[in-house]
Amino acid sequence: MRYENLKKIMIQNEYDLQHLLYAALKPLYPGIRKEVSKDSGIGTVREDIFIPDLDVVLEAKCTRDSMTLKKLIEEIEADIVHYQEKNIFFYVYDKKKIIKETKNFNVYFNKQFDRKTVKLFVLQPVKL
């Protein structure tokens, strides 16, 4: 991809981020699936991206005007509880820059939760 074309890539919402992650990972993991619905035992959950060979689920989050930091944390914690995979990766595109302490945010979420390994990556907009 040419440098000038990178400027055209705009992440507006979670679906844009999900599509970019899927496109980057599909050549590496041919069995990858997106938007997989599963029964969590108390209802149906939809996983953004699922890599069955690795027992990995990837969840894309994108902050928006109506989202507070508290709401973002609640969404992430709910996903951790409902997903059954051993490895959960969160990609949070903090478009609205609601996460002021990204290091502390990462430390809080990058650990084991109920025998599940959680990795969280905060991405914030940059100008090219």
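1. Two strands pair if DSSP finds at least two bridges between them. Helices (H or I, at least four residues) and strands (E, at least two) are DSSP runs, numbered from the N terminus. With that in hand, look at Gln 112, which stands opposite Thr 117 in β6.

2. A word on the source. This is a predicted model, in which local features need pLDDT of at least 70 and side-chain atom pairs count only at pLDDT 80 or more, while totals for chains, interfaces and linings use all residues. Residues are numbered from 1 along each chain as its sequence is written, and side-chain values use heavy atoms, with hydrogens and water left out.

3. Start with the overall plan. The chain has four helices and six strands. Along the sequence they come in the pattern α-α-β-β-β-α-β-α-β-β. The radius of gyration is 15 Å, close to the 14 Å from the globule rule for 128 residues, so the chain is as compact as a globular protein of that length. That radius is taken over C-alpha atoms, and the globule rule is 2.2 Å times the number of residues to the power 0.38. The C-alpha atoms fill a box of roughly 45 × 35 × 25 Å along the principal axes.

4. Next, the surface and the inside. Buried residues make up 35% of the 128 residues. Buried means under 20% relative accessible area, exposed over 50%, and partly exposed in between (1.4 Å probe, protein chains only). The accessible surface comes to about 8100 Å², and 54% of it belongs to carbon and sulfur atoms. These areas come from the Shrake-Rupley method with a 1.4 Å probe; for residues, only the protein chains shown count as cover.

5. How do contacts span the sequence? Among contacts between residues at least 6 apart in sequence, 60% join residues at least 24 apart. Contact means heavy atoms within 4.5 Å.

6. Now the sheet. Six strands form an open sheet in the order β1-β2-β3-β4-β6-β5, and the pairing is mixed. At the edges stand β1 and β5 (112-113), each with a single partner strand, so one side of each is left without a neighbour in the sheet.

7. Take the β1 end. Strands β1 and β2 (residues 44-51) run antiparallel and are joined by six bridges. Ser 37 has Arg 46 in β2 as its bridge partner. Asp 39 is likewise a bridge partner of Thr 44 in β2. The two strands form a hairpin with four residues between them, and Gly 41 in the turn has a positive phi of about 100°.

8. Three bridges join β2 to β3 (residues 56-62), and the two run antiparallel. Ile 51 has Val 56 in β3 as its bridge partner. Here too is a hairpin with four residues between the strands; Asp 55 in its turn has a positive phi of about 55°. Six of the eight residues of β2 are buried, so this strand is largely enclosed by the rest of the structure.

9. Is Asp 48 buried or exposed? Asp 48 is buried, with a relative accessible area of 2%. Leaving out residues up to four places away in sequence, Asp 48 touches Gln 18, Arg 33, Lys 34, Glu 35, Leu 58, Glu 59 and Ala 60.

10. Move to the β5 end. Strands β4 (residues 87-93) and β6 pair in the parallel sense over seven bridges. Tyr 91 has Phe 121 in β6 as its bridge partner. Strands β5 and β6 pair in the antiparallel sense over two bridges. They form a hairpin with two residues between them, and Asp 114 in the turn has a positive phi of about 50°.

11. Strand β6 (residues 116-123) has two faces. The covered one holds Lys 116, Val 118, Leu 120 and Val 122. The uncovered one holds Thr 117, Lys 119, Phe 121 and Leu 123.

12. Last, Ile 32. This residue lies in the loop between α2 (14-25) and β1 (33-39). Ile 32 is buried, with a relative accessible area of 3%. Apart from neighbours within four places in sequence, Ile 32 is in contact with Tyr 22, Leu 25, Lys 26, Ile 49, Phe 50 and Ile 51. Ile 32 and Asp 94 are 62 residues apart in sequence and 25 Å apart in space, C-alpha to C-alpha.
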